[in-house]
Amino acid sequence: MIEIKGLTKFFGKKPVVEDVSVTIQPRTITSFIGPNGAGKSTLLSMVSRLLDSDTGEVLLDKDDVKKMKSQEFAKRVAFLKQSNHLNVRLTIRELVAFGRYPYSKGRLTAEDELKIDEALEYMNLVDIQDKFLDELSGGQKQRAFISMVIAQDTEYILLDEPLNNLDMKHSVQIMKILRKLVDELGKTVIIVLHDINFASVYSDRIVALKNGRLVKDGLTSEIINSEALRDVYDMHIPVQEQNGCRICVYFQSQ
């Protein structure tokens, strides 16, 4: 379980995240949603220790993340940023192998190689694993980075807009894989999403932010309705039931 308690972050004199408290339940997919500038990525970055908070704390199974050693934290939490740029020429397999660094320190064991193989298989990258990253499409590169996160084999997986640069087919593939990691392997996933329909179909819980503040937090069924979504997005969003899923028809909104 991750407990976020009173997190605040200022950029200059402006609070980008303001006094946010929320509990992330284990073995679930929790989606952070909200309009641009809501503070979603900043909040996730503080949970991942990429950014220091100005006030508040994050507890990982009761342990203060700020006091944890980096190696210990990396064995428990994997984080994928929104933008990933490398200045070295790597193959897909070499990139995915970085996910094993907290365990191998660069000296891969047979177990590490097995985890790398499994991660490549998960992301359907086996056939192109020897391709260099600069030879890949944006979508292939994104899948390679997600494969690296899977290879890290942590209990907690934090993803900041991982569907960027992905077409519909691969976006669905990613979300199905995350669902499988939760349902079959007991992982806990926190994900920043712009598409509220992906959040609706694949999430267990939704945390909605607006202007840096928490405005909604609950089960997906409690958040994906027109009344709650109006509070988040300041617009009427019709919601329809289809195959047991709630679909937001925001492109027809008045």
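Aspartate 204 is partly exposed in this predicted model, with a relative accessible area of 26%. Its salt-bridge partner is arginine 179, and the closest N and O atoms of the two sit 3.0 Å apart. The pair ties together distant parts of the chain: aspartate 204 belongs to the loop between α8 (196-202) and β9, arginine 179 to helix α7 (residues 168-185), and 25 residues separate them. Arginine 179, for its part, is buried, at a relative accessible area of 17%.

That is one of 18 salt bridges in the structure. Arginine 76 forms a salt bridge with aspartate 61, with 3.4 Å between the closest N and O atoms. Here too distant parts of the chain are linked, since aspartate 61 lies in the loop between β4 and β5, 15 residues from arginine 76 in helix α2. A second salt bridge, at 3.2 Å from N to O, brings the side chains of arginine 76 and aspartate 63 together. Aspartate 63 is in strand β5, 13 residues away from arginine 76.

Put together, Asp61, Asp63, Glu72 and Arg76 make up a network of salt bridges. Leaving aside residues up to four places away in sequence, arginine 76 also touches Leu60, Met68, Thr154, Glu155 and Tyr156, among others.

Aspartate 63 has a place in a sheet as well. It is the bridge partner of leucine 60, and strands β4 (residues 55-60) and β5 pair in the antiparallel sense over two bridges. The sheet in question is open and has four strands in the order β2-β1-β4-β5, with antiparallel pairing. Its edge strands, each pairing on one side only, are β2 (14-24) and β5 (63-64).

Helix α1 (residues 40-47) lies across β1 (2-11), β2 and β4, and runs at about 120° to β1. Seven of the eight residues of α1 are buried, so the helix is largely enclosed by the rest of the structure. The buried residues include Leu43, Leu44, Met46 and Val47, but also Lys40. After α1 comes arginine 49, which has a positive phi, near 75°.

A further open sheet has six strands in the order β6-β7-β8-β3-β9-β10, and its pairing is mixed. The edges are β6 (77-80) and β10 (213-219), each of which pairs on one side only. Neighbouring strands of this sheet are turned against each other by 15° on average, direction ignored. Helix α6 (residues 138-152) packs on the sheet and touches β6 and β7 (156-160), its direction making about 175° with that of β6. Strands β3 (residues 29-33) and β9 (residues 205-210) run parallel and are joined by four bridges. Across this pairing, threonine 30 stands opposite arginine 205 in β9.

Key. Residues are numbered from 1 along each chain as its sequence is written. This is a predicted model: local features need pLDDT of at least 70, side-chain atom pairs count only at pLDDT 80 or more; totals for chains, interfaces and linings use all residues. Side-chain values use heavy atoms; hydrogens and water are left out. Contact means heavy atoms within 4.5 Å. Two strands pair if DSSP finds at least two bridges between them. Axes are lines fitted to C-alpha atoms, for helices over the stretch in contact, and angles run from 0 to 180 degrees between N-to-C directions. Buried means under 20% relative accessible area, exposed over 50%, partly exposed in between (1.4 Å probe, protein chains only). A salt bridge is a side-chain nitrogen of Lys or Arg within 4 Å of a carboxyl oxygen of Asp or Glu.
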